[in-house]
Amino acid sequence: MKNIFIPCIVCLFIVCHFSCSRVAQPEAVLPVPSERQLAWHELEQYAFIHFTTNTFTGREWGYGDESPSVFNPSSFDAEQWVKTISDAGLKALILTCKHHDGFCLWQSRYTEHSVKNSPFMEGKGDVVRAVSDACKKYGLKFGVYLSPWDRNHAGYATSEYVDYYRNQLRELLTGYGEISEIWFDGANGGDGFYGGAREIRKIDNKTYYDWKNTWSLVRELAPNVVMFSDAGPDVRWCGNERGYIGDPNWCTITNDTLRPGQPCIEKLLNHGTEGGTSWVPAEVDVSIRPGWFYHEAEDSLVRSPENLFKIYLQSVGRGAALLLNIPPDKRGLLHENDVRSLMEWKKMRDMAFSVNIAEHAEITANTWRGKSKIYAPSNVNDSNKETYWATDDGILGSLYINFGKVQKVNYVVIQEYIKLGQRVKSFSIDVWKNNDWQPAADLTTIGYKRIVPVEQVETDKIRISIKDVRGNCALISNVEIY
Ligand code: FUL
């Protein structure tokens, strides 16, 4: 008996080993994100800084005839901005190096309309340098906004300006270290100063900027930078400036026929397109104040921490990134009211997401791919973003999270393994109560991350059921419960 037993165990081991490694990896659902997009997804939330002559004139869109002499912050401190932003848990900062009025915050070789002719540091200052250095010091990524529309430049609407624009891109992308994102604004209003012409200049948005070649130049100069515009190519606009992405939110669109500044595409951008041909995830840009630039009259209108938290759930919580604008004031500092709100918002996030009760829970599933360890349900709480739970092709499964005792639950966080594409079209969450499963949420997409508020439920078990997918099965890499 003893003699047969040992060979049997060996056989079992061999059979199991071979059957596990024979389980085919799920096929990718195309398109999938690039490396640079994957790194961008992980930032989740970051800051926008709108700062220029508008800060001092009170305008939102400068006409382009503002004298550089108005740009004169009394106590400029880039480190105060960056430290505050970092303390608020934001991971990067995008600076308006040049807004529509054309005033440049750096010492550009190609124009006199810049800090070089302002009283700021006697014309020797460079806001881009100061902010990028502070970002390096505090470990934040640094991104640049360079408005394609320029109401100051005499050559705007001719090819001379497109060269000028590209020269400035070159200065910004090569002179300030690693740039994480570049923001191409789609706004083009028409009238402006234009070197004194003071007229309306219309451009053909389809052809004028020759985006294809501008994008190639960016790729050549800074291969890791992600490019934002209404339609990508790397990151898309969310279709509104009110702080929410749609539900569903697909990371894919078909952008061959889309372009920055194209009218009437807001709804499309807000939801993305299921089955779209390119991976172009959404960024939700919204300001902490009614305006993008600082205006004293708006000091009492700073968004509350509760409102920021709601925006967070409607953006990051639906698989998009949040780009929160915090405009420095005339002193060149983030205003006390904004700082207070930011810090309270951070506290709210820390409290809401402090103890992950899924971390030590028992996680099972009604099915998993080939019964292989590689695709086991326990992969969703192993703190390894490279492992995931998957089912066999054509099978929809459920995950069961058992806490072992009744717990208060407020949020369920779920992440797909997006390296192999975005798949989940619909899913539901049930909680165990009164000896039965009670529905808690019935939703659409997951994507990079979904945060589902479940209104203070008390339960010892949660079920997450995948109801519909693109491709052959869902791949869930992470579940957290708070
Ligand atoms: C818009 C611009 O016109 C606003 O001034 C602001 O910069 C916002 C982020 O984008 O299109």
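Contact means that heavy atoms lie within 4.5 Å. The views below show a predicted model, in which local features need pLDDT of at least 70, side-chain atom pairs count only at pLDDT 80 or more, and totals for chains, interfaces and linings use all residues. Residues are numbered from 1 along each chain as its sequence is written, and side-chain values use heavy atoms, with hydrogens and water left out.

View 1. V457 sits in strand β18 (residues 450-469); helices (H or I, at least four residues) and strands (E, at least two) are DSSP runs, numbered from the N terminus. Apart from neighbours within four places in sequence, V457 is in contact with Q407, K408, V409 and V431. Q407 is 50 residues from V457 in sequence, and their C-alpha atoms are 8.1 Å apart in space. V457 has a relative accessible area of 10%, so it is buried (buried is under 20%, exposed over 50%, partly exposed in between, with a 1.4 Å probe and protein chains only).

View 2. The size of an interface is often given as the accessible area lost when the parts come together. D247, W250 and W279 supply 26% of the area that domain 1 buries against domain 2, more than any other three residues.

**View 3. The largest pocket.** A pocket is an open set of points on a 1 Å grid over the protein atoms alone, with protein on both sides within 12 Å along at least five of seven lines; a cavity is a set where a 1.4 Å probe fits but cannot get out, and lining residues have an atom within 4 Å of a point. Grid points are joined across faces, edges and corners, and a volume is the space filled by probe spheres set on the points. The largest pocket holds about 670 Å³. Its lining has 35 residues, and E44, Q415, Y448, K449 and N478 lie nearest the centre. Each of domain 1 and domain 2 gives at least three residues to this lining.

**View 4. The largest cavity.** The model has three cavities of 30 Å³ or more. The largest cavity has about 50 Å³ of space. W40, H41, E44, V316, A320, A321, Y448 and K449 line it.

**View 5. Two cis peptide bonds.** The bond from L30 to P31 is cis, with omega near -5°. P31 is in the loop between α1 (2-22) and α2. D247 and P248 are also joined by a cis peptide bond, with omega about 10°. P248 is in the loop between β8 (235-237) and β9 (252-253).

**View 6. Positive phi at M121 and Y194.** M121 is not a glycine, yet has a positive phi of about 50°. The relative accessible area of M121 is 52%, so M121 is exposed. Y194, also not a glycine, has a positive phi of about 40°. Y194 is in the loop between β5 (191-192) and β6 (199-200), and is buried, with a relative accessible area of 1%.

Note on methods
Buried area is the accessible area (1.4 Å probe) that two parts lose on being put together, summed over both. Domain bounds come from an automatic or database domain assignment.
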